[in-house]
Amino acid sequence: MRSTGPAIRALLRFLVTRGVVPAGIEGAVPPVRTWRHSSLPRHLSLTEVERVIKACDTATPLGLRERAVVLLLARLGLRAGEVIRLQLDDLDWTEGRLIIRAGKNSGAKLAHLARSRRGDRGLPPTGTSHHSSSRTVPAVASAVSSLAKFGHDHHAGEQATQARFSEGSPTRGARPASYAGHCHGTPRYTLQRHRRYLRPPLPGQHGRLCQTRSGLIGESGLAVAGRCAMNSENLFLRVEAYVALRHALGYVVTSEEKLLKDFVRFVEAHGVTGPLRAHMAVEWACQPSPRRGPAGQASRLKVVRRFLSHLRAALPETEVPGPGLLAHIRRPHPYLYSPQEIERLIEVASHLRPEGSLRPHTYRTIIGLIASTGLRVGEVIRLTQRDVHLGADSPYLEVLQTKFRKSRLVPLHSTTAAQLRLYAAARKRLHYDGLTNAFFVSERGTFLHYDSVRETFHTLTRAAGIRADHARARPCLHGLRHTFAVGRMLDWYRSGVKVQDLLPTLSVYLGHVQPAHTYWYLTATPELLAAAGECFQNFTGQGGDQ
């Protein structure tokens, strides 16, 4: 579906330019929501890999081949496609190296580049870039010997087998491969049980569907029978159909549905019965509210623009507000905490009431955890006992389905793991461990609520004497995440390492989809600018007095 949707929209845009279909009909094909790195990759432990290798029967040709394939996959990290395309000529027997031809994202020209570089010990020729299209990797000796034994002793046997198969197999009457692993003639309901299909969002409206008239689509022809003037009831039905479609395509539409229904009520209050106009959407988005700023107005307009673009495919008279009507809002600069301020926050949190409860331990541990790992607040309060692996050789946190549905493993420093063990012991000592599977427990025995954590942190900042001045933003809990990112960059500069090479590592640790999202966290502080300037001065080779 991810590739079909853009293809259909491109076709509809082409038909619009030719005047075959009305403008805006491409909005009827919404994009499919995709999530990158939404789950942790499944993997085998070292013990399991060794068990798989030992399970291969090396006394048979098939077992030799299986063992060689497993070794190449597990110990060299080769892709399955690269392994199955290996040929005997791709193995450098004298040097024990493999030449991988036409790997991922590579073209047919790679075969020529790989052949021209055989026997040169895997080094790129003089004058060529290191980003070559073929790569050489040192092979495991056992894998090479297994491949050699299987390849030399049984190559002729394979050819004979293939010849007998081609002679005895008829060319006509061959059945196609089964679909997705199902046997031939599998009933449709069996496939539907195992695969996602878009269900009709409004079963009650099936009676209103009918076939369109023959010929090309007219200027405003509809595929829905009983065309009538736009009213609030009809608009509510279209919102429900749109939200159901977005939900089926993988989007989270809880807040989107509330906003769109509020927009319909706004239209109903103004007595609009004709086509929707762009100024109505702008007026609704910019309604004054004490809890919503300019950034919220732009977000509301973005939601209603998507809906109106979809609605325009069925009602060409609908107007869609153009992009850029509301000014782009720049995100405010974060508040960066000093080490002394973080220590004061932890100290003040230790005196929270009620006395003798888990609440002081909870908040002092949360503050220390965010300051030392850079986790998001939501990631911390959603941790369960199964997500905290303190008994592992290298303690880590398992953060699942967080922002953008990403999942990742977060290694912990030994001091951070020690504090988490103390908190876990306090949970057990105060008998909070049996109330819920949440790692950080509220006084009600449930997961902590974000608003409650935010308000408590504001109380702690005031008690610790941390105030916002004209030069810095208001202190908030999310500022601890910014402080961690800037502090890590500063430590790298002072250590003399190549910061640019480590930025992707920081991006992965913070849970960003791409490194560009990490740059906003790197606020230009005087200390960071001084360290970066010193690094640049050393790079240019100039003295301090020049």
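How many helices and strands does the chain have? The chain has 19 helices and six strands, assigned as DSSP runs (H or I, at least four residues, for helices; E, at least two, for strands) and numbered from the N terminus.

This is a predicted model, in which local features need pLDDT of at least 70 and side-chain atom pairs count only at pLDDT 80 or more, while totals for chains, interfaces and linings use all residues. Residues are numbered from 1 along each chain as its sequence is written, and side-chain values use heavy atoms, with hydrogens and water left out.

**View 1. Packing of helix H9 against helix H11.** Helix H9 (residues 254–269) packs on helix H11 (residues 294–312) at about 80°, the axes (lines fitted to C-alpha atoms over the stretch in contact) lying 10 Å apart. H9 is therefore roughly perpendicular to H11 (65 to 115 degrees, on a scale from 0 to 180 between N-to-C directions). Contact (heavy atoms within 4.5 Å) involves Glu256, Leu259, Leu260, Asp262 and Phe263 of H9, together with Arg300, Val303, Val304, Arg306, Phe307 and Leu308 of H11.

**View 2. Crossing of helix H13 and helix H16.** The axes of H13 (residues 359–373) and H16 (residues 450–463) come within 12 Å and cross at roughly 85°. H13 is therefore roughly perpendicular to H16. From H13, Arg359, Tyr363 and Ile367 meet Ser452, Val453, Thr456, Phe457 and Leu460 of H16.

Notes:
Parallel < 35°, antiparallel > 145°, perpendicular 65-115°, else oblique.
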